[in-house]
Amino acid sequence: MTGSEVKKLFYMENKKGVLGKLKDGLLKTRRNLTERIEGVFGGRIDAQALEDMEEILITSDLGVKASKEIIGIIERTDPVNLRETLKGEIFNILKKGEASLLTNGHKPAVIMVVGVNGNGKTTTIGKLAKRFKDEGKEVLLVAGDTFRAAAIEQLSVWGERVGVKVVKHKSGADPGAVVFDAIQSEKAKGADVVIVDTAGRLHTKAPLMEELKKIKRVMDKELPGAPHEVLLVIDASTGQNAIEQARIFHEAIGVTGIVLTKLDGTAKGGIIIAIIRELEIPVKMIGIGEKIDDLRDFNAEEFTEALFE
């Protein structure tokens with residue numbers, strides 16, 4: 001076996017493992033969406049079946065726009081090809097939301113991570129740090145959530161676990177000052193990636209959103225162009241509420257990508273389709289488990305395969 005054949009075999013085996021993990025993680029969503037849809041069509045596509053299907057799509061959190069688009073295509077489809085047509089349309093929507101992290105070409109690359117409490121924001125930061133550290137990059141974490149002492153401590157624990165430095169001030173300090181000190185320091189020391197934690201904002205609270213805008217301005221002033229990524233962490237189980245969260249964060253600070261967490265514990269994974277179709281914000285990464293390596297790049301083909309297998 002040649003070297004290229006060995007690499008190809010390794011790639012295929014690794015892909016099989018990733019896909020298997022993704023299939024397991026999307027089990028509840030698959031049962032809630034694709035299996036229910038197949039159950040309403042008995043080899044026929046009629047008005048009642050289409051009405052039932054639209055209800056399933058909407059209640060599976062695909063959103064009204066995506067649901068109506070899919071129904072419009074399905075009603076012109078041969079029942080024999082229903083599964084493949086549905087699969088193809090969902091893939092086409094998901095493919096539009098596939099994008100890579102914008103960290104290449106920047107030193108340091110600054111990633112601002114935002115989201116409401118309980119969505120897995122700090123855990124996501126820790127997993128991202130592990131990923132970059134494994135790639136041989138020098139990583140710095142910044143404890144910009146100064147409103148909760150527990151948040152600073154949690155980020156410090158992740159720093160120790162992954163083996164990366166954490167910049168932090170005392171609880172109650174100005175988060176902008178923490179970010180300023182961190183970026184100013186790392187411009188001289190040469191970190192590759194700076195990941196900034198922020199307080200878990202209630203997206204309906206205007207003063208707290210203004211604080212995020214201030215932090216972003218501080219970054220740009222000290223390092224023009226920063227942050228290079230603004231990642232919004234969303235818990236998939238929040239369903240349609242995730243759309244409103246994403247819309248308000250995006251309007252306030254310009255979200256560059258979504259990290260959709262906790263897909264393995266919910267039947268509401270269809271929300272990823274609604275986010276992409278209605279807001280046109282890329283989904284950069286997905287969380288499909290609690291292990292440190294369970295934060296994955298979003299891949300439309302793999303996601304669609306896992307949703308239909």
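Q: Is Glu-210 buried, exposed or partly exposed, and what's its relative accessibility?
A: Glu-210 counts as partly exposed, at 41% relative accessibility. Here buried means under 20% relative accessible area, exposed over 50%, and partly exposed in between (1.4 Å probe, protein chains only). Heads-up: this is a predicted model, where local features need pLDDT of at least 70 and side-chain atom pairs count only at pLDDT 80 or more, while totals for chains, interfaces and linings use all residues. Residues are numbered from 1 along each chain as its sequence is written, and side-chain values use heavy atoms, with hydrogens and water left out.

Q: Which residue does Glu-210 form a salt bridge with?
A: Lys-213, with the closest N and O atoms 3.0 Å apart. A salt bridge is a side-chain nitrogen of Lys or Arg within 4 Å of a carboxyl oxygen of Asp or Glu. Lys-213 is partly exposed too, at 26%.

Q: Where do Lys-213 and Glu-210 lie?
A: Both lie in helix H10 (residues 206–222), three residues apart, about one turn of the helix. Helices (H or I, at least four residues) and strands (E, at least two) are DSSP runs, numbered from the N terminus.

Q: OK, new topic. How many salt bridges in the whole structure?
A: The search finds 19. One of them joins the side chains of Asp-61 and Lys-268, at 3.7 Å, N to O. Asp-61 is in the loop between helices H4 (47–59) and H5 (64–74) and Lys-268 in the loop between strand E6 (257–261) and helix H12 (271–279), so this pair ties together parts 207 residues apart in sequence.

Q: And Asp-61, buried or exposed?
A: Buried, with a relative accessible area of 6%, whereas Lys-268 is partly exposed at 33%.

Q: Which residues are linked in a network of salt bridges?
A: Arg-131, Glu-135, Lys-137 and Asp-297.
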